[in-house]
Amino acid sequence: MCIRDSAYYNQILDKIVDELVVLFGKREAAVEEFLEHLLKNQLAEVMTILIKCPDKLTRDYISKLMSSVLLISIKQEGESAFAYRIDEHEGQRIISYETNTGSVLCLLISAINKDLAQNWTRFEQFFRILYNVAKDGGNLVLDFMNFQRLLTILLDFYIGTESPLNRTRERRPMMGNSVEHAKLQGLVDIVCLLLNGADLTFMQPNSEPTPRKLDEDAKECLKCKGLYIKAIMEGHNTESFNKIIALLSFDSFKFSKMICKTLLRAINDYSKIEVVPYFSLLTQVFAIKDSLQRQRLEWLFGYPSPCKLKSALDPNEETKFGLSLIDTITEDVNEYISPLNYNAQCKSLLTLLWKHRMVYEIHPLKCLLEIMAKSREAFLYVASLPAPTYQYAKYSDWIHWAVSFCINNEQHYMKLGILNASKDKTKVNYEVVQLLKNLDEQWEEYAAQHIKSAKQPGILQAYPDPYIIGKVISEKVLLKETKDNITLALIEFTTEVYNSLPTGKDNKAIPKAYFKKLHKVKTHFNQENDAHEEKLEPVLISPLKSEATVLQVLIKNGNFNTTLDDIKGIKVKLNLKHKEGELNFSAPISTMQTLVGSGKSAVAFMATKRRVDEPWGDFALDWSVVASRAKEAKEEELSDRDVYHVMSDDDDSLNSSTQVLCSDCKTINSRKDQRCVKCEKLLEDEF
């Protein structure tokens, strides 16, 4: 066989393959002869080339040849291509296919769990054969693959050691390492193809039942959190896979929460280059029209919270918000917190976009603008958020500057020859500019309905009117409750209040001399020799009035435990109960979680008034102490395999008792491991 003898680094293989495909299309007997030859040694020659040959081009052409031959054979044989008989042998039923086509495909499927994992650097072309046959073979091939339980085999293979079908928890070969990911996109494409049209009512009761039923093992794999965590974290989320996630997320609280939490972790963990693929999934998630839209917005976008400063070394130092907190106009006065983030490790999407506005490329901004253009709920949510700094009136104001910055940067690098000009880049930039115009139109329509005051030239607008928080005048405890030596306090801060006149660059309500003088004061008192000289006061703007502007929920852990089991502290859940539209501050409807160390305090929630001259509104605090993290972990461990499944209660996928995420290569490891199974990093610091 010429391919076998000269496949490695064969410079004319493309011509050989093309001529063979033409020949097979004309001569039916040639197809049968070719397949019979391959079956004589159980596909050993083909498998050797597909997973052993170091030359990618050779593997590509052999994959093309096998796909073409199998599709030609299926077309020639029609419905008889997968005819089989059932034989009895020692009490077991053995299925034998009567055609070479069925036999070859069976051998390919059986090879998945035999040889592929050890050859993860070269199996991309193998999966491409199965994908091409499934895609172009029609329902006949899909029914055959469903009969052969291909979906179950692929899901089990993809999830790996953490698969629910790995009953003995046997360690399976790891695919990929810290330098290179395994080429699993072809496998994910096949899975998406097989799931398209499959009956998913077992996970999504609202979906339409279909004739293509899934076996119980496939259902168990589809419930496994590890499947979605791996697909998202490794960037295998294709458009088809994203649609499946969106379908399964519909009105499913636990699945939606798990997907949002995994997405946040993925975007937080990856660099500016690798972050782009995740935003396509975000667009799908925000497009879901169901009862969980508001929660997804809060989970991913975050809710607004004022930045706060209080010295941990000096408890008598005054608490600072707003103007008292910053030294320049560009410093943050508000942040956006996800209710999923109780340990401050994962930033919300809006926080990341703001923090990395000079690092991210234009694609994440395009995604945010698309979400706001397609979802009225998303636009209204973002439009109601306060600005991150006093330069702006509302959150979305800075996006105009960021888009201009990205486009100007691209043009600059193109002139220098660092970036190549392309039609794709020009198209993306044009689309972003159009989306930005759409955002402006949406805001003008919204402002016309709600803002009655005349617009001042050069001043940015928001609804309600923005204001500046000054020095804290007093604080008052509105509520204090204690449960199991855990104390919750609801505190109201009265502060100076100033008008805000943001322009996008500065704020006309704050004299430019204010920060200059403030800087001189700080520099002056840092000099020991001049410590007794005359004090310099910064230029102050006149306060409009004094109002209660900041609300804070503080949790104090009165348990001073020194045992290892309790050293991580306790977790407290908090809900704000209120009627819709009755609050004068932004409060999430989602449950907030706070981790409080032994003998320490933590802020569970903070908010500022939307309309400064109106009361807070009627609400009640519903809170409970969950358990110590150590105790919670032990309880999860006793729940057997539930930690691996979507249906587990209040899961914490990557921080459960049985799993730990390596911070270097993002591999999910067992807590029994001392080193990461991929990059061999010590996992002591990850626990």
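This is a predicted model: local features need pLDDT of at least 70, side-chain atom pairs count only at pLDDT 80 or more; totals for chains, interfaces and linings use all residues.

Guide: Phe301 and Tyr228 are the residues with the most contacts inside the largest nonpolar core, which has 168 residues. Another core lies apart from it, with 24 residues, including Leu323, Val333, Ile468 and Ala509.

Visitor: What makes a set of residues a nonpolar core?

Guide: The residues must be buried, belong to a set of kinds such as Leu, Val and Phe, and be joined through side-chain atoms within 4.5 Å. In soluble globular proteins, nonpolar side chains tend to be buried together.

Visitor: Why is Cys53 called buried?

Guide: Buried means under 20% relative accessible area. Cys53 has 0% relative accessibility, so Cys53 counts as buried. Cys192 has a relative accessible area of 3%, and therefore is buried as well.

Visitor: How many disulfides are there, and by what rule?

Guide: The rule asks for a pair of cysteine sulfur atoms within 2.5 Å. By this rule the count is 0 disulfides.

Visitor: Where is Gly160, and is this residue buried or exposed?

Guide: Gly160 sits in the loop between helix 10 (150–159) and helix 11 (185–195). Its relative accessible area is 12%, which is under 20%, so Gly160 is buried. From Gly160 to Glu170 the separation is 10 residues in sequence and 9.7 Å in space, C-alpha to C-alpha.

Visitor: What makes helix 13 mostly covered?

Guide: In helix 13 (residues 225–233), 9 of its 9 residues are buried. Among them are Lys225, Tyr228, Lys230 and Met233. Just after helix 13, Gly235 takes a positive phi of about 75°.

Visitor: How do you know that strand 10 is largely enclosed?

Guide: Strand 10 (residues 601–608) has 6 buried residues out of 8, so the rest of the structure largely encloses it.

Visitor: Why are strand 7 and strand 10 called paired?

Guide: Pairing needs at least two bridges. Strand 7 (residues 545–557) and strand 10 are joined by 7 bridges, so they pair, and they run antiparallel. Val550 stands opposite Thr608 in strand 10.

Visitor: How are the residues of strand 3 arranged, and what is its partner?

Guide: From strand 3 (residues 303–306), Tyr303 and Ser305 point one way and Pro304 and Pro306 the other way. All four named residues are buried. In a regular strand the side chains alternate between the two faces of the sheet. Strand 3 is joined by 4 bridges to strand 4 (residues 334–337), and the two run antiparallel. Since at least two bridges are required, these strands pair. The bridge partner of Ser305 in strand 4 is Glu335.

Visitor: Where is confidence highest, and where is it lowest?

Guide: Mean pLDDT is highest in strand 3, at 96, and lowest in helix 24 (residues 629–638), at 44. Over residues 4–8 the pLDDT is below 50, and this stretch has 10 contacts in the model beyond near neighbours in sequence. Residues 523–537 also stay under 50, with 9 contacts beyond four places in sequence. For the chain, the mean pLDDT is 81, and 79% of residues reach 70 or more.

Visitor: What describes the chain as a whole?

Guide: The chain has 24 helices and 13 strands, and 51% of its 687 residues are buried.

Note on methods: Residues are numbered from 1 along each chain as its sequence is written. Side-chain values use heavy atoms; hydrogens and water are left out. Buried means under 20% relative accessible area, exposed over 50%, partly exposed in between (1.4 Å probe, protein chains only). pLDDT is the predictor's confidence in each residue, from 0 to 100. Contact means heavy atoms within 4.5 Å.
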